[in-house]
Amino acid sequence: MTSLIQSKSARIDVRVSIAVKQLLQEAARACHKNVSEFLLEAGITAANQTLANRCHFGLDNAQWEMFQQALDRPVQSKPRLKKLLDQPGVLD
């Protein structure tokens, strides 16, 4: 995301009401940013989320059948994974 923000060569103009402008200014100040930085980061985040939600995975009949079989298989014990998940992580 940083590389997207740093290479500024185009401009986007937006018209808003005074109330919306004041709201954006207040929110930007709360984040210690100017309005442009605030809007750019929020816009990039929203764009990434929107596009990520559009992912579609197509399977033909054989692939769908294999996928369903994998989902229907009984759960297998994975002792090494259990041990890993039982240990405290670096953020704990």
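Start by selecting Glu 41 and Lys 33: Glu 41 forms a salt bridge with Lys 33, and their closest N and O atoms are 2.4 Å apart. A salt bridge here is a side-chain nitrogen of Lys or Arg within 4 Å of a carboxyl oxygen of Asp or Glu. Glu 41 is partly exposed, at a relative accessible area of 26%, and Lys 33 is partly exposed, with 26% as its value too. For these labels, buried means under 20% relative accessible area, exposed means over 50%, and partly exposed is in between (1.4 Å probe, protein chains only).

Before you move on, a word on what you are looking at. This is a predicted model, in which local features need pLDDT of at least 70 and side-chain atom pairs count only at pLDDT 80 or more, while totals for chains, interfaces and linings use all residues. Residues are numbered from 1 along each chain as its sequence is written, and side-chain values use heavy atoms, with hydrogens and water left out.

**Zoom out to the whole chain**

Show the protein chain as a cartoon. Its secondary structure comes to five helices and zero strands, and from the N terminus on the elements run α-α-α-α-α. The radius of gyration is 23 Å, well over the 12 Å that the globule rule gives for 92 residues, so the protein chain is more spread out than a compact globule. That radius is taken over C-alpha atoms, and the globule rule is 2.2 Å times the number of residues to the power 0.38. Helices (H or I, at least four residues) and strands (E, at least two) are DSSP runs, numbered from the N terminus.

The protein chain exposes about 9,100 Å², with carbon and sulfur atoms supplying 57% of it; accessible areas come from the Shrake-Rupley method with a 1.4 Å probe, and for residues only the protein chains shown count as cover. Of the 92 residues, 5% count as buried.

Next, color by confidence. The mean pLDDT of the protein chain is 90, and 93% of its residues reach 70 or more; pLDDT is the predictor's confidence in each residue, from 0 to 100. Where is confidence lowest, and where is it highest? The lowest mean, 58, belongs to H1, and the highest, 97, to H2.

**Select helix H2 and what follows**

Pick residues 18–30, which make up helix H2. At 1.5 Å a residue, the 13 residues of H2 should span 18 Å, and the end C-alpha atoms are 18 Å apart, which agrees. The expected span is 1.5 Å times one less than the number of residues in the helix.

Step just past H2 to His 32, which takes a positive phi of about 60 degrees. His 32 is a residue other than glycine, and sits in the loop between H2 and helix H3 (35–52). His 32 is exposed, with a relative accessible area of 76%.

Select Ile 12, Val 14, Val 16 and Val 20 together: they make a nonpolar surface patch of about 390 Å². Patches are made of residues with over 30% relative accessible area and no salt bridge, with like charges joined within 9 Å and nonpolar side chains (Val, Leu, Ile, Met, Phe, Trp, Tyr) within 5 Å.

Val 14 is found in the loop between helix H1 (2–6) and H2, and counts as exposed at 62% relative accessibility. Ile 12 lies in the loop between H1 and H2 as well, and is exposed with a relative accessible area of 75%. Draw a distance from Ile 12 to Leu 40: they are 28 residues apart in sequence and 9.9 Å apart in space, C-alpha to C-alpha.

**Finish on helix H5**

How many salt bridges does a search of the whole structure find? The search finds three, and one of them joins Asp 86 to Lys 82, with the closest N and O atoms 2.9 Å apart. Both residues lie in helix H5 (residues 79–86), four residues apart, about one turn of the helix. An α-helix has 3.6 residues a turn, so residues three or four places apart point the same way. Asp 86 counts as exposed at 55% relative accessibility, and Lys 82 counts as exposed at 52%.
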